[in-house]
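This report is for a reader who has not seen the structure before. The sequence and the structure come first, and the description follows.

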Amino acid sequence: MDVKYILPFLEALKGVLEQFGAADIKRGNMAKNELMHVDTDITAVVGMVGQVRGNIAYSMAEDTAKKIVSAMMMGMPVEELDAMGRSALGEFSNMVTGNASTLLSNSGVQVDITPPSIIFGKDVYFIISSVETLKIEMESSLGKIEVNIGLEI
Amino acid sequence: MDDKLYRPFCLSTGEIIREMSEIDIVGMDSLEEESSELTSMGISSIITFAGARKGRLLLDMEPGLALSMAGAVLGGEYGDVKDPMVLSLVSEVNNIISGNAITGINNEFLMDLRLAPPVVFAGRDLVISIPRLRSFSSWGETEFGRIRINVAWEGGAS
């Protein structure tokens, strides 16, 4: 997978995290997978259509999700991820993928994003692409987010 | 609710599963509104689409049905829905069901909808939340287990 298709997602995630006040944002481990195993609690998936087709999955622990939602709500304490919290997580994944699609279109790749789905569960096995999936970890003061990018180019 | 945007998925599900695996679905002839959270029956697949409008299809089934479909289509015996062959099969079935339904909707309503690739998943205590989308489910029964499709369109049910 060409790096020009990957960097926009990482830049967009970094930008959105910074916008919500996250600090110490660092890129962690990277790996290629066909089957994606998630041992965190929550995964938000957003699809992409156009010149590039695919799915982007953002997986995180519940604690990280609560911190992100709290940051999005101006620091309001979040005890549980209720309907508003889940909606905020959907919006978070929408913002990241939407900003990435703008960066892609700036480099001549026209795409549109599809509605987000939030999946809660334990020990979840996913396939998000019929080709390989690239997993990249992003650490920040809000916690770790595992970004899985499955693009059919 | 304008069921012309929902019925094609119900019809396509029955047709494609029968064609591919010779498994008949009984029911799947009514639609009911769901809450924003759905508990998976065992293995689920989501396909989203975008064009003149955006939406998604969730295909959800009990493990026995997924394992029987995999045996019928791929040959052999399967005992775990987390087996990559079973996950891939359910993913491909959803791809064909959605492709078939969306082709019909595009032809009738000129919506220029394009499909994202399918996402398929299995695990423990799975709950799927689709924020801010009004969705409708249709349930069916087979001799190997239950199946449900859930269809949602952005901008409501019309």
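## Salt bridges

A salt bridge is a side-chain nitrogen of Lys or Arg within 4 Å of a carboxyl oxygen of Asp or Glu. Over all chains, the structure holds 16 of them. The model is predicted, so local features need pLDDT of at least 70 and side-chain atom pairs count only at pLDDT 80 or more, while totals for chains, interfaces and linings use all residues. Residues are numbered from 1 along each chain as its sequence is written, chains are lettered from A and ligands numbered from 1 in the order in which they are written, and side-chain values use heavy atoms, with hydrogens and water left out.

In chain A, Glu152(A) and Arg53(A) meet through their side chains in a salt bridge of 2.8 Å, N to O. This pair links distant parts of the chain, 99 residues apart: Glu152(A) is in strand 8 (residues 143-152) and Arg53(A) in strand 4 (residues 53-60). Helices (H or I, at least four residues) and strands (E, at least two) are DSSP runs, numbered from the N terminus.

## A network in chain B

Arg148(B) and Asp60(B) form a salt bridge of 2.8 Å, N to O. Here too the pair links distant parts of the chain, with Arg148(B) in strand 9 (residues 145-153) and Asp60(B) in strand 5 (residues 54-61), 88 residues apart. Salt bridges that share partners join Glu34(B), Asp60(B) and Arg148(B) into one network.

Arg148(B) is buried, with a relative accessible area of 4%, and Asp60(B) is buried at 0%. Buried means under 20% relative accessible area, exposed over 50%, and partly exposed in between (1.4 Å probe, protein chains only).

## Helix 1 of chain B

Arg18(B) lies in helix 1 (residues 7-21) of chain B. Its side chain meets that of Asp24(B) in a salt bridge of 2.8 Å, N to O. Arg18(B) is partly exposed at 40% relative accessibility, and Asp24(B) is partly exposed at 47%.

## Chain B as a whole

Chain B has three helices and nine strands. Buried residues make up 56% of its 158 residues. Along its principal axes, the C-alpha trace of chain B spans about 40 × 30 × 25 Å.

## Helix 3 of chain B

Helix 3 (residues 84-109) has 26 residues and should span 38 Å at 1.5 Å a residue; its end C-alpha atoms are 36 Å apart, which agrees. The expected span is 1.5 Å times one less than the number of residues. Just after helix 3, Leu110(B) takes a positive phi of about 50 degrees.
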